[in-house]
Amino acid sequence: LKERTAAALTVGIGVFLGLMVAGSAASFLGGSSILNPAVAVALQAINFSTIWPLTVYIIGASLGAVIGFVLYDVVRNAEQKSN
């Protein structure tokens, strides 16, 4: 039960932070925030005439994966040292 609660909170907080960052950036730039690229394509929110929107999704996902891996590794090593 403890692992399920931690996993649910981790995912929930991650999505919340993603929406907060995307919403803040979108309000600053005067756009809308859509985290899912498939939804953005379906709503025609991505303009394919420029490369910038696609690079945001590619760089954002890659950077998020690297940061997530590093944080997971740090937390896992800290947990193993405490045991």
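What is the mean pLDDT of the chain, and what share of its residues reach 70 or more? The mean is 76, and 67% of the residues reach 70 or more, pLDDT being the predictor's confidence in each residue from 0 to 100. This is a predicted model, in which local features need pLDDT of at least 70, side-chain atom pairs count only at 80 or more, and totals for chains, interfaces and linings use all residues. Residues are numbered from 1 along each chain as its sequence is written, and side-chain values use heavy atoms, without hydrogens and water.

The chain comprises 3 helices and 0 strands, in the order α-α-α from the N terminus; helices (H or I, at least four residues) and strands (E, at least two) are DSSP runs.

| Helix | Residues | Mean pLDDT |
|---|---|---|
| α1 (highest) | residues 2-29 | pLDDT 81 |
| α2 (lowest) | residues 37-42 | pLDDT 68 |

Where pLDDT is low, the predicted coordinates should not be read in detail.

Of the 83 residues, 7% are buried, meaning under 20% relative accessible area with a 1.4 Å probe, protein chains only. The chain exposes about 7000 Å², of which carbon and sulfur atoms supply 71%; areas come from the Shrake-Rupley method with a 1.4 Å probe.

The lining of the second largest pocket includes Gly 64, Tyr 72, Arg 76 and Glu 79.

Technical notes: On a 1 Å grid over the protein atoms alone, a cavity is a set of points where a 1.4 Å probe fits but cannot get out, and a pocket is an open set with protein on both sides within 12 Å along at least five of seven lines; lining residues have an atom within 4 Å of a point. Buried means under 20% relative accessible area, exposed over 50%, partly exposed in between (1.4 Å probe, protein chains only).
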